[in-house]
Amino acid sequence: MSPLKPQATYDDFARLDIRIGKVVEVQPFPRARNPSYKVGVDVDAGRIMWSSAQITNYEPAALVGALVVCICNLGPKNIAGFTSELLILGARDAGGHVIVLGPRSEVAVGEPVF
């Protein structure tokens, strides 16, 4: 079991823009150090936002159309020459594969997570 991280305040959490997004495009990302995709996500921000995501245990076709939970305001990060703008949340299963987090029922794109 891993220890808990130091306590954060509610204001720390409230500063995060966590939204429901819909995957609209998945592209290969061979330049990434770890196996990854370039993933385009609609989070109702007026444009598609992109993420470098280590979720290659999924076939691209299985991801397109999926609802995912994203943090949209961590700031851009350059990954192997690609600008990753948001973080798609996930957790590892017992086999070490990243499982993408998403709502259990249909939720509108852009809906805030709280």
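Helices (H or I, at least four residues) and strands (E, at least two) are DSSP runs, numbered from the N terminus. The model is predicted: local features need pLDDT of at least 70, side-chain atom pairs count only at pLDDT 80 or more, and totals for chains, interfaces and linings use all residues. Residues are numbered from 1 along each chain as its sequence is written, and side-chain values use heavy atoms, with hydrogens and water left out.

**Exercise 1. Aromatic pairs**

Find how many aromatic pairs the whole structure holds, and classify the pair of Tyr10 and Phe13.

Step 1. Apply the criterion: rings of Phe, Tyr and Trp (its six-membered ring) pair if their centres lie within 6.5 Å; planes under 30 degrees apart count as stacked, over 60 as edge-to-face and the rest as tilted.

Step 2. Searching the whole structure gives two aromatic pairs. For Tyr10 and Phe13, the ring centres are 6.0 Å apart and the planes stand at 50°, so this pair is tilted.

Step 3. Tyr10 and Phe13 are separated by about one helical turn, because they are three residues apart in helix α1 (residues 10-14).

Step 4. Check accessibility. Buried means under 20% relative accessible area, exposed over 50%, partly exposed in between (1.4 Å probe, protein chains only). Tyr10, at 61%, counts as exposed. Phe13, at 34%, counts as partly exposed.

**Exercise 2. The cores**

Determine which residues have the most contacts inside the largest nonpolar core, and which element gives the most to this core.

Step 1. Define the set: buried Ala, Val, Leu, Ile, Met, Phe, Trp, Tyr and Cys residues joined through side-chain atoms within 4.5 Å.

Step 2. The largest nonpolar core has 17 residues; Val39, Val41, Ile55, Cys70 and Ile88 have the most contacts inside it.

Step 3. Two or more residues each come from β1 (18-28), β2 (37-42), β3 (48-53), β4 (67-71) and β9 (98-100). β2 gives the most, with three residues.

Step 4. Look for another core. A second, separate one has five residues, among them Ile18, Ile20, Leu67 and Ile71.

**Exercise 3. Positive phi**

Locate Asp44 and Ala80, and state whether each is exposed or partly exposed.

Step 1. Recall the background: most residues other than glycine have a negative phi.

Step 2. Phi of Asp44 is near 60°, a positive value. Asp44 lies in the loop between β2 and β3. Its relative accessibility is 54%, so Asp44 counts as exposed.

Step 3. Ala80 has a positive phi of about 50°. Ala80 sits in the loop between β5 (77-79) and β6 (82-84). With a relative accessible area of 28%, Ala80 is partly exposed.
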